[in-house]
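This report concerns a sheet and a loop residue beside one of its strands. The sequence and the structure are shown first.

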Amino acid sequence: MMGSDHTHRRWSNLRKVLERLGPFCRPDFEPSSETLQFLLENCKILVIGAGGLGCELLKDLALMGFGNIHVIDMDTIELSNLNRQFLFRRKDIGCSKAEVAARFVNSRVPGCNVIPHCCKIQEKDEEFYRQFHMVVCGLDSIVARRWINGMLLSLLVYENGELDRFSVIPMIDGGTEGFKGNVRVILPGVTACIECTLDLYPPQVTYPLCTIATTPRLPEHCIEYVKIIQWPKENPFDCPIDGDDPQHINWIYEKSNERAAQFNIQGLTYRLVQGVVKNIIPAVASTNAIIAATCATEVFKLASSCSASLNNYMVLNDLDGIYTYNYEAERKEDCVACSQIPKDIEINNPKFKLKDLIELLCERPDLQMKNPGLTACIDGKNKTLYMQSVPSIEEKTRENLTKTLVDLGLVNGSEINVADITSPNAIVLKLRLAYPDTDMS
């Protein structure tokens, strides 16, 4: 493959960059024909998401010489995808995005081998992710970003407290919303991770299950209750919720109204139900193309050392003209994901209950958890405080929600292990109880 004249001509533009020095080269860059061979045959890239960004990423990476690409996506193709996800056709509706995208790229780019995985990222283990040189994200979910961020951090190897740089798998993350977008280059354990800068993301509107199930205060709480609890229990149409089906929306609207009336909650409308159920994010093809091209360029720079990579956050706004800037986001010393020390949670109210702590974990901009499960070591024994994800445990621990932290046996300095869908591993939080009659040792 590498010896043919056709191949030489095909990659001539890449050779100009990879086989000679230039003013933007990194100090460790050495011009060589072997670099191109590495890209074509050995460099293994994982693309997460085969939607608007993912389609662009696969096309760009394949045409930039990367011949060994995996793509993972759990979704199937819908009619509404076809206006911007250009690897798909009408005949593909209902098929796996990952499989169709891989087949299309493989048929159009000779020598490129894209391997599809039609599943959730959470279904793959550490060994799967460890095989890649880089991970590129084209996701529309902050939860998924946080999970893969945690996974790559869990693969890091430390020797005598020093990070082994060979265990670092770079993560290039792209995001778009309408005419705005961003790209970031994350070197796990070295630069700021997703959790370090979580407050940059607008909090996604989700509510703790303990709130929507026991003490709803907003019309959105009523809608979420029907969507999360009543629909699976009653399964009115014997299928998952379809936000575009008027029958489904009407059923949720009626049941939500009943619950709102039960708790004296005003302001529930049919339009609000649609908004909560569908959670629509606008997508613009040109923004996807720009962000994906930037991500692919960063992958190329990291894989070849031909130029310094982005350090480490770029923002694009092409709403009125084109405006872009970049800056260095800094690591947080107490980051729940990438620091080596537990994060302090300060409580200054002796009547603070477990359900209040769960709400705090969900609402704090630097935590933004979804449905955390909490365990702690109390009097030398591991105790489950609350866990929503397992129905039998949830039922047994539900009574703890209304107990104060002191009643549960937690003291100043207690460490709580928190499991949540935003991370593949439990994180450790340290309680700081700053009120009278508390052991402050």
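The text below describes the sheet, the helix across it, and then one aspartate. The model is predicted.

**The sheet and its helix**

The sheet is open and consists of five strands, arranged in the order S11-S15-S14-S12-S13 with mixed pairing. Its edges are formed by strand S11 (343–347) and strand S13 (381–386), each of which pairs on one side only. On average, neighbouring strands of this sheet are turned by 35° against each other, direction ignored.

Within the sheet, strand S12 (residues 373–378) pairs with strand S14 (residues 415–419) in the antiparallel sense, over four bridges. Glycine 373 has alanine 419 in S14 as its bridge partner.

Helix H13 (residues 354–363) lies across S11, S12, S13, S14 and strand S15 (427–433). The direction of H13 makes an angle of about 125° with S12.

**Aspartate 420**

Aspartate 420 is located in the loop between S14 and S15. Aspartate 420 is buried, yet has no salt bridge. Its surroundings include Met369, Lys370, Asn371 and Pro372, which aspartate 420 touches when residues up to four places away in sequence are not counted.

Which groups does the side chain of aspartate 420 reach or contact?

| Partner of the aspartate 420 side chain | Distance |
|---|---|
| Side chain of threonine 422 (polar contact) | 2.8 Å |
| Arginine 146, nearest side chain of opposite charge (no salt bridge) | 5.4 Å |

The 5.4 Å to arginine 146 exceeds the 4 Å cut-off for a salt bridge.

Definitions and conventions: Residues are numbered from 1 along each chain as its sequence is written. This is a predicted model: local features need pLDDT of at least 70, side-chain atom pairs count only at pLDDT 80 or more; totals for chains, interfaces and linings use all residues. Side-chain values use heavy atoms; hydrogens and water are left out. Two strands pair if DSSP finds at least two bridges between them. Helices (H or I, at least four residues) and strands (E, at least two) are DSSP runs, numbered from the N terminus. Axes are lines fitted to C-alpha atoms, for helices over the stretch in contact, and angles run from 0 to 180 degrees between N-to-C directions. Contact means heavy atoms within 4.5 Å. Buried means under 20% relative accessible area, exposed over 50%, partly exposed in between (1.4 Å probe, protein chains only). Lys and Arg count as positive and Asp and Glu as negative; His and the chain ends are not counted. A polar contact is a pair of N or O atoms within 3.5 Å; within protein, one must be able to donate a hydrogen and the other to accept it, and residues adjacent in sequence count only if both atoms are side-chain atoms.
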